[in-house]
Amino acid sequence: MSEALGITFEENERAGIITLDRPDRLNALTKEMFEALSAQYSAWSPAAHIYGVVMQSTHPKVFCSGGDLKVLQKWGEQGALDEIRDFYRAAYQHVWRLEKFFRPNLPLIDGLCLGGGVGISLFGTHCIAGENYGLAMPQVGIGFLPDAGGTFFLSRLPHHMGLYLALTGKIIGRADAYRLKLVSHCIPAAHFHVIVDAARDNHPIDKLLDGLHRDPGEGQLARLTPIINRIFGADSVEEILDLLDAEDGPQAEFAHATAAEIRKKSPTSLKIAFQQMRRGKDLDLADALRLEYRLTQKVIASPDYREGVDARIVGKGRDAAWQPDSLSKVDDEAINRLFDEPADHELYLEDLTPGL
């Protein structure tokens, strides 16, 4: 596979090796990269000589920053909604491809893993975190929605942690991710080469990973679980913010900072994410991906999506001017229609039988 694509594939004895190699773009994912990933997993799935797949990054601090917002911003300026739609279709189809891949899948993450980067690493048999691992789903901050399977996996996290992560875009470390079962093993990055060697040599991987795993400790969210569970169990985003504002106990500083962070996000996206977490609990992954694609068709045509991506890329992180600019101005019935009414384009997912 051409290095110009920003991703390479190779076979090293019994291992398939995937290397994310766009360091100048923080390994941001393009449609072509998603399509190449799906094609390679499809080729390796029935290949008897491949024991497992290792995914790694050449960037010292970033595993994958998610979708390539620079490309999406350009398409937004051009009004090229079909291209944006195809980008998300390729992303969600790959999540499904990975979910159905039955061989050991071993992403080695020792840096930031955001948005779509979570989608290419979370689903599969294993997920290995080094010391510098960091996960976030920050999409509401660009006027979008927690996607790439976020409807499914975030809604299933305990103590309303999924809603907390969806509304805040909070980056969590490996200790919290391990406690939330978002990673399977915590292994020093200095030992990642042992995992590669094991896959290459057809060595049974589970016993090896269990032996290399080191308990990462309690994590930052453990002491915050009671307040997150109490406040983010509220019946609306508005009520969550009211409760955060009113907090005057030992966690008041955390609560007020959290409220301030949420208020930076798109009010419309916040309402969409809230509904995703409510509805996602009753959806399997396939239906969650179909829902996300239906929502995507409508959201990418909204002013908030273009404004959010533009603010991040052209404005280099400037505050976005959301439309509407407050939760009170968001039409709740319109949000429900986003979920309930069909879109012009729906997501087709292959009925993938393991090994085929």
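A residue is called buried when its relative accessible area is under 20%, exposed when that value is over 50%, and partly exposed in between. By that cut-off Glu307 counts as buried, because its relative accessibility is 18%. The model is a predicted one.

Start with Glu307 and select its partner, Arg318. The two form a salt bridge, with the closest N and O atoms 2.7 Å apart. Glu307 belongs to helix H15 (303–313), while Arg318 sits in the loop between helix H15 and helix H16 (332–340), so the pair, eleven residues apart, links distant parts of the chain. Arg318 is partly exposed, at 34% relative accessibility.

Next, select Asp68 and Arg25. Their salt bridge also has its closest N and O atoms 2.7 Å apart. Asp68 is in the loop between strand S4 (62–64) and helix H2 (69–78), and Arg25 is in the loop between strand S2 (15–20) and helix H1 (31–44); the pair therefore ties together parts that are 43 residues apart in sequence. Asp68 is buried, with a relative accessible area of 2%, whereas Arg25 is partly exposed at 23%.

Move on to Glu261 and Lys265. Their side chains meet in a salt bridge at 2.9 Å, N to O. Here Glu261 is partly exposed, with a relative accessible area of 28%, and Lys265 is buried, at 10%.

For the last stop, select Glu13, Asp197, Arg200 and Asp201 together: salt bridges with shared partners join these residues into one network. To continue the tour, look for others among the 22 salt bridges that the structure holds.

Technical notes. Residues are numbered from 1 along each chain as its sequence is written. This is a predicted model: local features need pLDDT of at least 70, side-chain atom pairs count only at pLDDT 80 or more; totals for chains, interfaces and linings use all residues. Side-chain values use heavy atoms; hydrogens and water are left out. A salt bridge is a side-chain nitrogen of Lys or Arg within 4 Å of a carboxyl oxygen of Asp or Glu. Helices (H or I, at least four residues) and strands (E, at least two) are DSSP runs, numbered from the N terminus. Buried means under 20% relative accessible area, exposed over 50%, partly exposed in between (1.4 Å probe, protein chains only).
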